[in-house]
Amino acid sequence: MAEASRWHRGGASKHKLHYRKEVEITTTLQELLLYFIFLINLCILTFGMVNPHMYYLNKVMSSLFLDTSVPGEERTNFKSIRSVTDFWKFMEGPLLEGLYWDSWYNNQQLYNLKNSSRIYYENILLGVPRVRQVKVRNNTCKVYSSFQSLMSECYGKYTSANEDLSNFGLQINTEWRYSTSNTNSPWHWGFLGVYRNGGYIFTLSKSKSETKNKFIDLRLNSWITRGTRVIFIDFSLYNANVNLFCIIRLVAEFPATGGILTSWQFYSVKLLRYVSYYDYFIASCEITFCIFLFVFTTQEVKKIKEFKSAYFKSIWNWLELLLLLLCFVAVSFNTYCNVQIFLFLGQLLKSTEQYSDFYFLACWHIYYNNIIAITIFFAWIKIFKFISFNKTMSQLSSTLSRCIKDIVGFAIMFFIIFFAYAQLGFLVFGSQVDDFSTFQNSIFAQFRIVLGDFNFAGIQQANPILGPIYFITFIFFVFFVLLNMFLAIINDTYSEVKADYSIGRRPDFELGKMIKQSYKNVLEKFRLKKAQKDEDKKTKGSGDLAEQARREGFDENEIQKAEQMKKWKERLEKKYYSTEIQDDYQPVTQEEFRELFLYAVELEKELHYINLKLNQVMRKVSAL
C-alpha cells in the first residue's frame, strides 16, 4: 500500500511539474513579447537619430577643405601639409576659397542677406570661423651640457605645465595675447597631446579680402613660432534642407621634432530635433522607452528582493543590470543635451559677427549617440536569453560554459606569447615602421597579421635579419599552433555537448518545442481528429529514429536495447506516472516488479558504459 501511495504521489508531482512548465512557458512568452516590443521601439529610436544625409554632408565638407589643392600645386592640400609655408598657403588658398562663396558660377549675386555667409550655396556659415594657437614656453626641456653652447633655446612637447601664457609679438590684438577659455568644450585629444581650450585666438571677418589681409599680416609678423604646438581652425554651418548642423575642426599639430601633423573632425548632428511629424513620432518613442525602462527596473528590483544573493549568480541577470545602467546613462545624456541646446542654441544663433562655439553641443550629442549604440548592441545580445531554450542555442551556451576554464587558461598562454612578440616588434621596428611606432600599434598590427593584412616589405627593410625571423616564428607559433589549439578546444567541447544531447541529456525546457506543443493542444481542442494523426506520427517516429541511428553507425544490438528500454519506459510511465489514477491502492505484481528490476539493470549497464567512455576521453586529454 505504501508503494502504491508513493506511485500515486509521484503522479501528482508529475502533474504539478507539468503545471509549473506551463506557467513558465506563459511567463517567458510574455517577457519575450514585451521585450520584442521594447527592442522594436529602441531600433526606431536609434535609426531615427541617424540618416544618410549626415554621411553625405561630412563627405562633401571634407572633400572641400581636405582634398582641395593649393592653386598651381596639385599635391599640396590640408592632408599633405608638412611645413609652415604649406600651412600658410592652405590658409590663404583652399581655406579662404572654401569659406567665402559670394557669387553663383556665372558671377551673379548669390543672395541679398547682409549678415549671412554660404558654403556650397546650401550651407549657412554660423557666426564667423575662429583660429586658435597653443604654445609652449622656452626652456621647457633640458639641453645636454655639450650642446648648450650651440643651442640657447629649447621648446619641449606640450603639457599643461609647459603651456605659454604670456603675450608675444605685436601684442596689440587678441591673436598676440593669451586668452583663457570661456567655454565648456572638452579638451582636444590629438596625436601628440591633450590640449586645453585657451590660447591665442582671432576670428575671421565676413569679408574675404579682410580675412586674406589678416592672414598675410600674421604670416609676415611670424604669428607661428618655434613654441607653437597646435593650431585649431573651428567653424560651424547649418543646412536647412536636411536640418543638420555640421561642426568642423581642422587641427595642425607641430611636434617638437619639427614638421606638421594634420587631423580633422567633422560632426554632423541634428540639434533641432523636433521639427517634422516624424520627429514627433521619435519623441513618442522616447517616452515609450522611458516607460519600458521603469517597468524593467521594477521587475529587476522585485527579483533582487525575492532571490537576494542568488540573483547575482546568473550571467543573464548581470546583463540585465548592465542594460538598465546603459539605458539610464542614455536617458541622462539625452536630457542633458536637450537642456543645453535649449539654453545655448538661441544665444549662439543671435551673434553673427562672433564665433559660435557649437563644438560643445556636438561633442555631447556624439557621446549620446555612442551610448545609445552600445545600449542597442547589448539589447540585441539579450535575445539569447530567450532563444537559448532552443536546442541549437542551448548547445552553443553549453559549449561556451563547459570550455570557459580551458579558454581562460589558453588565453593566458596566448597573450604571454602575443605581448612578447608585440614588444619585440616595437623595439626592433618601432623607429622605422608606422605599424610598430607605438606599443599599441604593435598589438593591433599583430592582429592584422593574423587576419592576413600586413606589410612584410616594411619590416624586412627595417631589419633584414630579425624582420623575416620575427614574421615566420610569429606565424608559426600564433597562427598555426595557438589558434588551432583554440579551435580544437571549442571543437572537442562541442562534440561532447552534441553527444550528450544525442543520448537525451538536453534541457527539459525547450521554448520552441513547448510553443509548438501548446499550438497543437489548441488545434486539438477545435479539431478532434488532429490528436489521432499525431498519435499515428508518434508510432511511425520510432522506426524513423531507428533508421537514423543505423545511418549514424550505431550497432544493431544497441538499437534493439534502446528500443526495448524505450518501450519499458513508456509502459511504466503510463502505468505509474499517470495523473489519472483514481484508486489509492494499486498493488505491484511480481511480473511488474521483475520488469522494474530489469529496467534498473539496463540503466546500470548504460551508466557503466558511459563511465568507461568518459574515462577513455579523460586519458586521451591527459596524454595531450
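Let me start with E92, whose side chain makes a polar contact with the side chain of R219 at 2.7 Å, where a polar contact is a pair of N or O atoms within 3.5 Å, one able to donate a hydrogen and the other to accept it within protein, and with residues adjacent in sequence counting only if both atoms are side-chain atoms. E92 is placed in helix α3, residues 84-99, and at 19% relative accessibility E92 counts as buried, the cut-offs being under 20% relative accessible area for buried, over 50% for exposed and partly exposed in between, with a 1.4 Å probe and protein chains only. Leaving aside residues up to four places away in sequence, E92 touches F215, I216 and R219, a contact meaning heavy atoms within 4.5 Å.

A word on the basis of all this. This is a predicted model, in which local features need pLDDT of at least 70 and side-chain atom pairs count only at pLDDT 80 or more, while totals for chains, interfaces and linings use all residues. Residues are numbered from 1 along each chain as its sequence is written, and side-chain values use heavy atoms, with hydrogens and water left out.

For the chain as a whole, the secondary structure comes to 17 helices and 8 strands, taken as DSSP runs numbered from the N terminus, with helices being H or I of at least four residues and strands being E of at least two. Of the 624 residues of the protein chain, 37% count as buried, and among contacts with a separation of 6 or more, 68% are between residues 24 or more positions apart.

Y121, which is not a glycine, has a positive phi of about 65 degrees and lies in the loop between β1 (117-119) and β2. S222 has a phi near 55 degrees, and its place is the loop between α4 (208-220) and β6, where S222 is partly exposed with a relative accessible area of 43%.

Lastly, the aromatic side chains. Rings of Phe, Tyr and Trp (its six-membered ring) pair if their centres lie within 6.5 Å, with planes under 30 degrees apart counted as stacked, over 60 as edge-to-face and the rest as tilted, and by this rule there are 54 aromatic pairs. In one of them, Y35 and F296 have ring centres 6.3 Å apart and planes at 45 degrees, so the pair is tilted. Because Y35 lies in helix α1 (residues 2-47) and F296 in helix α5 (residues 277-307), the pair ties together parts that are 261 residues apart in sequence. Y35 is buried at 2% relative accessible area, and F296 is buried at 6%.
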